[in-house]
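Hello,

Please find the structure below. My notes follow it.

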Amino acid sequence: MKIIILGDCHFGVKQSSDIVALHQRRFFDSLIDYGNKNNIKTIIQLGDIFDQRKNINVKSLKTAYCVFSKLRDHGFTFHTLIGNHDIFYRDTLEITSSELLLGEESNFENIKVYKEPTTVDFDGCQIDLIPWICSSNEEKCLSFIANSKSPVCCGHFEINTFPVLFRIEFHGGMELQTFRKYKRVFSGHFHIPSQKDNIVYVGTPYQLTWADVESKNGFWVFDTETFECIQVLNDDVYYKILRYNDKEKGVTTKPTEVNLKDCYVKIIAENRTNQLLFNWYLNKIYEQNPAEVKIVDSDFQFGLDEIGNIDETTLKLSTIDIINQYVDSMEIGFKEPLRTFLANLYTTAMTQSEEE
Ligand SMILES: [Mn+2]
(Lines give C-alpha, C1' and ligand atoms only; values in the text may rest on other atoms or scores of the structure.)
Protein backbone atom coordinates (compact mmCIF):
# COMPACT_ATOMS: atom_id res chain seq x y z
CA MET A 1 0.00 0.00 0.00
CA LYS A 2 0.96 3.63 -0.29
CA ILE A 3 1.01 5.98 2.67
CA ILE A 4 1.16 9.75 2.79
CA ILE A 5 3.87 10.92 5.19
CA LEU A 6 3.10 14.38 6.50
CA GLY A 7 5.33 16.72 8.49
CA ASP A 8 4.69 19.34 11.19
CA CYS A 9 1.34 21.12 10.69
CA HIS A 10 1.58 23.92 13.30
CA PHE A 11 -2.01 25.10 13.30
CA GLY A 12 -2.10 28.50 14.99
CA VAL A 13 1.37 29.61 14.01
CA LYS A 14 1.97 33.37 13.72
CA GLN A 15 -0.81 34.24 16.20
CA SER A 16 -3.30 32.28 14.09
CA SER A 17 -2.75 34.48 11.07
CA ASP A 18 -5.61 34.30 8.56
CA ILE A 19 -3.11 34.20 5.73
CA VAL A 20 -1.22 31.20 7.04
CA ALA A 21 -4.53 29.47 7.79
CA LEU A 22 -5.66 30.13 4.22
CA HIS A 23 -2.55 28.43 2.84
CA GLN A 24 -2.86 25.59 5.33
CA ARG A 25 -6.44 24.91 4.23
CA ARG A 26 -5.42 25.21 0.60
CA PHE A 27 -2.68 22.64 1.15
CA PHE A 28 -5.05 20.15 2.76
CA ASP A 29 -7.54 20.57 -0.08
CA SER A 30 -4.81 19.62 -2.53
CA LEU A 31 -3.68 16.75 -0.30
CA ILE A 32 -7.24 15.39 -0.17
CA ASP A 33 -7.46 15.76 -3.94
CA TYR A 34 -4.22 13.86 -4.38
CA GLY A 35 -5.29 11.09 -2.01
CA ASN A 36 -8.66 10.71 -3.71
CA LYS A 37 -7.17 10.61 -7.20
CA ASN A 38 -4.44 8.13 -6.29
CA ASN A 39 -6.51 6.15 -3.83
CA ILE A 40 -4.12 6.75 -0.94
CA LYS A 41 -6.23 7.11 2.18
CA THR A 42 -3.69 6.58 4.96
CA ILE A 43 -1.69 9.42 6.44
CA ILE A 44 1.10 9.24 9.00
CA GLN A 45 1.70 12.66 10.52
CA LEU A 46 4.96 13.18 12.36
CA GLY A 47 3.94 15.45 15.23
CA ASP A 48 3.41 19.16 15.99
CA ILE A 49 -0.22 19.44 14.92
CA PHE A 50 -0.67 22.64 16.91
CA ASP A 51 1.89 25.39 17.23
CA GLN A 52 1.32 26.39 20.84
CA ARG A 53 2.04 23.99 23.66
CA LYS A 54 -0.05 25.65 26.36
CA ASN A 55 -2.77 27.74 24.75
CA ILE A 56 -4.81 27.08 21.67
CA ASN A 57 -6.52 29.99 20.05
CA VAL A 58 -10.16 29.42 19.01
CA LYS A 59 -9.38 30.46 15.45
CA SER A 60 -6.57 27.93 15.06
CA LEU A 61 -8.83 25.26 16.50
CA LYS A 62 -11.46 26.18 13.92
CA THR A 63 -8.94 25.90 11.08
CA ALA A 64 -7.72 22.54 12.33
CA TYR A 65 -11.24 21.19 12.82
CA CYS A 66 -12.25 22.26 9.30
CA VAL A 67 -9.26 20.37 7.93
CA PHE A 68 -9.76 17.25 10.06
CA SER A 69 -13.51 17.11 9.32
CA LYS A 70 -12.72 17.16 5.61
CA LEU A 71 -10.15 14.39 6.00
CA ARG A 72 -12.69 12.32 7.94
CA ASP A 73 -15.48 12.94 5.44
CA HIS A 74 -13.22 11.87 2.59
CA GLY A 75 -12.34 8.63 4.36
CA PHE A 76 -8.74 9.29 5.35
CA THR A 77 -7.17 7.49 8.30
CA PHE A 78 -4.85 9.82 10.14
CA HIS A 79 -2.10 8.48 12.40
CA THR A 80 -0.32 11.15 14.41
CA LEU A 81 2.52 10.83 16.88
CA ILE A 82 3.24 13.36 19.60
CA GLY A 83 5.69 16.16 18.77
CA ASN A 84 7.35 18.61 21.15
CA HIS A 85 4.71 21.27 20.41
CA ASP A 86 1.88 18.90 21.29
CA ILE A 87 2.81 18.56 24.96
CA PHE A 88 1.93 20.84 27.85
CA TYR A 89 4.87 19.98 30.12
CA ARG A 90 8.32 20.02 28.64
CA ASP A 91 9.56 16.81 30.28
CA THR A 92 6.57 14.52 30.08
CA LEU A 93 3.91 13.55 27.56
CA GLU A 94 1.26 13.43 30.27
CA ILE A 95 -0.95 16.15 28.77
CA THR A 96 -1.14 16.43 24.99
CA SER A 97 -3.31 18.66 22.83
CA SER A 98 -3.52 15.97 20.12
CA GLU A 99 -5.15 13.45 22.47
CA LEU A 100 -7.44 16.00 24.03
CA LEU A 101 -8.65 17.59 20.80
CA LEU A 102 -8.31 14.82 18.24
CA GLY A 103 -8.07 11.62 20.28
CA GLU A 104 -10.51 8.90 21.25
CA GLU A 105 -13.04 11.20 22.84
CA SER A 106 -13.19 13.59 19.91
CA ASN A 107 -15.43 13.48 16.84
CA PHE A 108 -12.56 12.13 14.81
CA GLU A 109 -12.78 8.36 14.98
CA ASN A 110 -10.46 8.28 11.95
CA ILE A 111 -7.59 9.82 13.95
CA LYS A 112 -5.21 7.69 16.00
CA VAL A 113 -2.84 9.46 18.37
CA TYR A 114 0.38 7.74 19.49
CA LYS A 115 2.07 8.86 22.65
CA GLU A 116 3.78 5.55 23.41
CA PRO A 117 6.31 3.94 21.09
CA THR A 118 4.17 1.55 19.03
CA THR A 119 4.62 -0.80 16.11
CA VAL A 120 1.75 -0.67 13.63
CA ASP A 121 1.19 -3.11 10.79
CA PHE A 122 0.45 -1.30 7.55
CA ASP A 123 -0.52 -3.97 5.04
CA GLY A 124 2.24 -6.32 6.22
CA CYS A 125 4.85 -3.61 6.71
CA GLN A 126 5.77 -3.00 10.35
CA ILE A 127 6.24 0.69 11.09
CA ASP A 128 7.46 1.98 14.45
CA LEU A 129 5.79 5.20 15.57
CA ILE A 130 7.94 6.93 18.17
CA PRO A 131 6.70 10.07 19.98
CA TRP A 132 8.87 13.03 20.97
CA ILE A 133 11.60 11.79 23.26
CA CYS A 134 12.11 13.70 26.53
CA SER A 135 13.65 12.81 29.88
CA SER A 136 10.64 10.85 31.15
CA ASN A 137 10.33 8.48 28.17
CA GLU A 138 13.88 8.42 26.82
CA GLU A 139 14.85 5.04 28.24
CA LYS A 140 11.63 3.43 27.06
CA CYS A 141 11.86 4.88 23.55
CA LEU A 142 15.53 4.06 23.06
CA SER A 143 15.15 0.48 24.22
CA PHE A 144 12.06 0.16 22.01
CA ILE A 145 14.13 1.25 19.02
CA ALA A 146 17.04 -1.01 20.00
CA ASN A 147 14.79 -4.07 20.31
CA SER A 148 12.56 -3.41 17.32
CA LYS A 149 12.58 -5.66 14.25
CA SER A 150 10.54 -3.24 12.12
CA PRO A 151 12.04 -2.04 8.85
CA VAL A 152 10.50 1.45 9.05
CA CYS A 153 10.45 4.08 11.76
CA CYS A 154 8.56 7.36 12.06
CA GLY A 155 9.20 9.93 14.76
CA HIS A 156 9.84 13.47 15.87
CA PHE A 157 13.58 13.26 16.36
CA GLU A 158 16.55 15.55 16.87
CA ILE A 159 19.19 13.78 14.83
CA ASN A 160 22.68 15.21 14.55
CA THR A 161 24.00 16.75 11.31
CA PHE A 162 20.58 17.40 9.74
CA PRO A 163 19.74 21.02 8.88
CA VAL A 164 17.70 22.71 11.57
CA LEU A 165 17.87 25.95 9.60
CA PHE A 166 19.43 26.61 6.23
CA ARG A 167 23.15 25.88 6.40
CA ILE A 168 22.92 25.17 10.15
CA GLU A 169 23.39 21.54 11.15
CA PHE A 170 21.93 20.28 14.38
CA HIS A 171 24.27 18.86 17.03
CA GLY A 172 23.70 17.63 20.53
CA GLY A 173 20.93 15.14 19.75
CA MET A 174 20.69 11.55 18.56
CA GLU A 175 23.29 9.84 16.41
CA LEU A 176 22.51 8.54 12.92
CA GLN A 177 23.77 5.11 14.03
CA THR A 178 20.80 4.74 16.39
CA PHE A 179 18.65 4.34 13.29
CA ARG A 180 21.01 2.28 11.14
CA LYS A 181 18.96 -0.89 11.59
CA TYR A 182 15.95 0.61 9.81
CA LYS A 183 15.54 0.61 6.06
CA ARG A 184 13.68 3.88 6.20
CA VAL A 185 13.23 6.55 8.85
CA PHE A 186 10.87 9.51 8.53
CA SER A 187 11.11 12.37 10.98
CA GLY A 188 9.28 15.56 11.73
CA HIS A 189 10.68 18.35 13.96
CA PHE A 190 13.17 20.12 11.70
CA HIS A 191 11.15 22.15 9.22
CA ILE A 192 13.50 22.00 6.27
CA PRO A 193 13.15 18.85 4.17
CA SER A 194 16.42 16.92 3.87
CA GLN A 195 17.67 13.42 3.32
CA LYS A 196 20.77 11.52 4.38
CA ASP A 197 21.40 7.75 4.27
CA ASN A 198 18.18 6.01 5.33
CA ILE A 199 16.72 9.07 7.04
CA VAL A 200 14.24 11.56 5.57
CA TYR A 201 13.32 14.78 7.30
CA VAL A 202 10.01 15.36 5.58
CA GLY A 203 9.82 19.08 6.37
CA THR A 204 6.68 21.14 6.88
CA PRO A 205 4.03 20.66 4.18
CA TYR A 206 3.86 24.41 3.60
CA GLN A 207 5.81 27.53 4.41
CA LEU A 208 5.23 28.85 7.92
CA THR A 209 7.60 31.79 8.30
CA TRP A 210 10.27 33.69 6.36
CA ALA A 211 12.73 31.00 7.49
CA ASP A 212 11.01 28.74 4.93
CA VAL A 213 11.39 31.11 1.98
CA GLU A 214 13.80 28.78 0.17
CA SER A 215 12.23 25.55 1.34
CA LYS A 216 10.81 22.96 -1.03
CA ASN A 217 7.78 22.00 1.03
CA GLY A 218 5.25 19.26 0.45
CA PHE A 219 4.36 15.76 1.60
CA TRP A 220 5.88 12.35 0.91
CA VAL A 221 4.42 9.14 -0.44
CA PHE A 222 5.85 5.89 0.87
CA ASP A 223 5.30 2.51 -0.76
CA THR A 224 5.25 -0.28 1.84
CA GLU A 225 6.15 -2.92 -0.78
CA THR A 226 9.02 -1.30 -2.66
CA PHE A 227 10.08 1.04 0.18
CA GLU A 228 10.24 3.82 -2.37
CA CYS A 229 9.42 7.31 -1.22
CA ILE A 230 8.84 10.43 -3.26
CA GLN A 231 8.16 14.00 -2.30
CA VAL A 232 5.07 15.67 -3.76
CA LEU A 233 5.83 19.36 -3.85
CA ASN A 234 3.40 21.99 -2.66
CA ASP A 235 3.41 24.65 -5.37
CA ASP A 236 1.57 27.17 -3.17
CA VAL A 237 4.64 29.21 -2.34
CA TYR A 238 3.52 32.37 -0.55
CA TYR A 239 6.68 33.92 0.89
CA LYS A 240 8.18 35.75 -2.06
CA ILE A 241 11.22 37.90 -2.65
CA LEU A 242 11.19 40.47 -5.44
CA ARG A 243 14.16 42.51 -6.53
CA TYR A 244 13.97 46.11 -7.58
CA ASN A 245 16.71 48.05 -9.31
CA ASP A 246 16.07 51.09 -11.49
CA LYS A 247 19.70 51.52 -12.47
CA GLU A 248 20.47 48.12 -13.89
CA LYS A 249 18.24 46.82 -16.64
CA GLY A 250 16.86 43.33 -16.28
CA VAL A 251 17.39 43.03 -12.55
CA THR A 252 13.94 44.07 -11.42
CA THR A 253 11.38 41.31 -10.87
CA LYS A 254 8.30 42.17 -12.91
CA PRO A 255 5.35 42.24 -10.52
CA THR A 256 3.03 41.18 -13.32
CA GLU A 257 4.93 37.91 -13.75
CA VAL A 258 4.58 36.79 -10.15
CA ASN A 259 1.33 35.93 -8.42
CA LEU A 260 1.30 37.94 -5.21
CA LYS A 261 -2.25 37.57 -3.98
CA ASP A 262 -2.29 36.58 -0.29
CA CYS A 263 1.51 36.38 -0.30
CA TYR A 264 4.11 37.79 2.06
CA VAL A 265 6.31 39.92 -0.16
CA LYS A 266 9.76 41.30 0.46
CA ILE A 267 11.14 43.77 -2.04
CA ILE A 268 14.89 43.96 -2.04
CA ALA A 269 15.50 47.47 -3.34
CA GLU A 270 19.04 47.51 -4.63
CA ASN A 271 18.69 50.89 -6.25
CA ARG A 272 15.75 53.18 -5.99
CA THR A 273 16.75 56.47 -7.46
CA ASN A 274 13.55 57.08 -9.42
CA GLN A 275 10.82 57.57 -6.83
CA LEU A 276 8.03 57.85 -9.43
CA LEU A 277 9.00 54.55 -10.96
CA PHE A 278 9.25 52.93 -7.55
CA ASN A 279 5.78 54.20 -6.63
CA TRP A 280 4.40 52.74 -9.87
CA TYR A 281 6.14 49.47 -9.02
CA LEU A 282 4.61 49.38 -5.54
CA ASN A 283 1.16 50.15 -6.94
CA LYS A 284 1.46 47.23 -9.33
CA ILE A 285 2.26 45.01 -6.37
CA TYR A 286 -0.55 46.28 -4.16
CA GLU A 287 -3.03 45.82 -7.03
CA GLN A 288 -2.58 42.08 -6.55
CA ASN A 289 -3.63 42.21 -2.89
CA PRO A 290 -0.58 40.75 -1.19
CA ALA A 291 -0.89 39.94 2.51
CA GLU A 292 2.10 42.09 3.45
CA VAL A 293 4.81 44.03 1.67
CA LYS A 294 8.16 44.78 3.21
CA ILE A 295 10.75 46.95 1.55
CA VAL A 296 14.37 46.22 2.31
CA ASP A 297 16.91 48.74 1.10
CA SER A 298 19.95 46.68 0.34
CA ASP A 299 22.28 49.56 1.27
CA PHE A 300 21.30 49.11 4.85
CA GLN A 301 21.41 45.37 4.82
CA PHE A 302 24.28 43.37 6.11
CA GLY A 303 26.41 42.10 3.22
CA LEU A 304 23.87 42.50 0.49
CA ASP A 305 25.85 44.40 -2.10
CA GLU A 306 27.74 41.71 -3.96
CA ILE A 307 24.82 39.32 -4.12
CA GLY A 308 23.78 37.73 -7.37
CA ASN A 309 20.71 35.61 -6.66
CA ILE A 310 17.73 35.11 -4.41
CA ASP A 311 19.26 32.27 -2.41
CA GLU A 312 22.22 34.33 -1.46
CA THR A 313 20.11 37.37 -0.77
CA THR A 314 17.89 35.66 1.73
CA LEU A 315 20.80 33.84 3.31
CA LYS A 316 22.68 37.05 3.84
CA LEU A 317 19.62 38.48 5.50
CA SER A 318 19.23 35.75 8.10
CA THR A 319 19.95 36.37 11.74
CA ILE A 320 21.89 33.17 12.03
CA ASP A 321 24.31 34.30 9.33
CA ILE A 322 24.94 37.51 11.14
CA ILE A 323 25.62 35.54 14.33
CA ASN A 324 28.01 33.24 12.46
CA GLN A 325 29.88 36.09 10.85
CA TYR A 326 30.24 37.67 14.24
CA VAL A 327 31.66 34.46 15.71
CA ASP A 328 34.05 34.18 12.76
CA SER A 329 35.34 37.64 13.45
CA MET A 330 36.13 36.84 17.09
CA GLU A 331 39.64 35.92 18.08
CA ILE A 332 38.92 32.75 19.97
CA GLY A 333 39.81 29.11 19.54
CA PHE A 334 36.42 27.44 20.05
CA LYS A 335 34.34 28.87 17.23
CA GLU A 336 32.63 25.65 16.17
CA PRO A 337 31.10 24.77 19.56
CA LEU A 338 30.12 28.40 20.05
CA ARG A 339 28.42 28.48 16.66
CA THR A 340 26.52 25.29 17.51
CA PHE A 341 25.57 26.64 20.93
CA LEU A 342 24.28 29.91 19.50
CA ALA A 343 22.42 28.14 16.68
CA ASN A 344 20.68 25.86 19.20
CA LEU A 345 19.88 28.82 21.41
CA TYR A 346 18.51 30.73 18.45
CA THR A 347 16.37 27.78 17.35
CA THR A 348 15.05 27.29 20.85
CA ALA A 349 14.21 30.98 21.08
CA MET A 350 12.44 30.87 17.71
CA THR A 351 10.34 27.86 18.64
CA GLN A 352 9.29 29.11 22.07
CA SER A 353 6.47 31.54 22.14
CA GLU A 354 5.24 34.07 24.56
CA GLU A 355 3.62 31.15 26.39
CA GLU A 356 6.52 30.50 28.76
MN1 LIG B 1 7.75 21.63 14.50
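**Sheet and metal site**

Strand β16 (residues 264–271) pairs with β17 in the parallel sense, over six bridges. Two strands count as paired if DSSP finds at least two bridges between them; strands (E, at least two residues) and helices (H or I, at least four) are DSSP runs, numbered from the N terminus. The model is predicted: local features need pLDDT of at least 70 and side-chain atom pairs count only at pLDDT 80 or more, while totals for chains, interfaces and linings use all residues. Residues are numbered from 1 along each chain as its sequence is written, and side-chain values use heavy atoms, with hydrogens and water left out.

Within this pair of strands, valine 265 stands opposite valine 293 in β17. The open sheet has three strands in the order β15-β16-β17, with parallel pairing. Its edge strands, β15 (239–245) and β17 (292–297), each pair on one side only.

Helix α6 (residues 275–286) packs on the sheet and touches β15, β16 and β17 (contact means heavy atoms within 4.5 Å). The direction of α6 makes about 160 degrees with that of β15; axes are lines fitted to C-alpha atoms, for helices over the stretch in contact, and angles run from 0 to 180 degrees between N-to-C directions.

Which residues are the protein donors of the manganese ion? They are Asp8 (OD), His10 (NE2), Asp48 (OD) and His191 (NE2), 2.1 to 2.4 Å from the ion. Donors are N, O and S atoms within 2.8 Å of the metal (3.2 Å for Na, K and Ca); water is not among the atoms, so sites may look incomplete. Histidine 10 and aspartate 48 are both buried (under 20% relative accessible area, 1.4 Å probe, protein chains only).

Regards

Technical notes
Buried means under 20% relative accessible area, exposed over 50%, partly exposed in between (1.4 Å probe, protein chains only).
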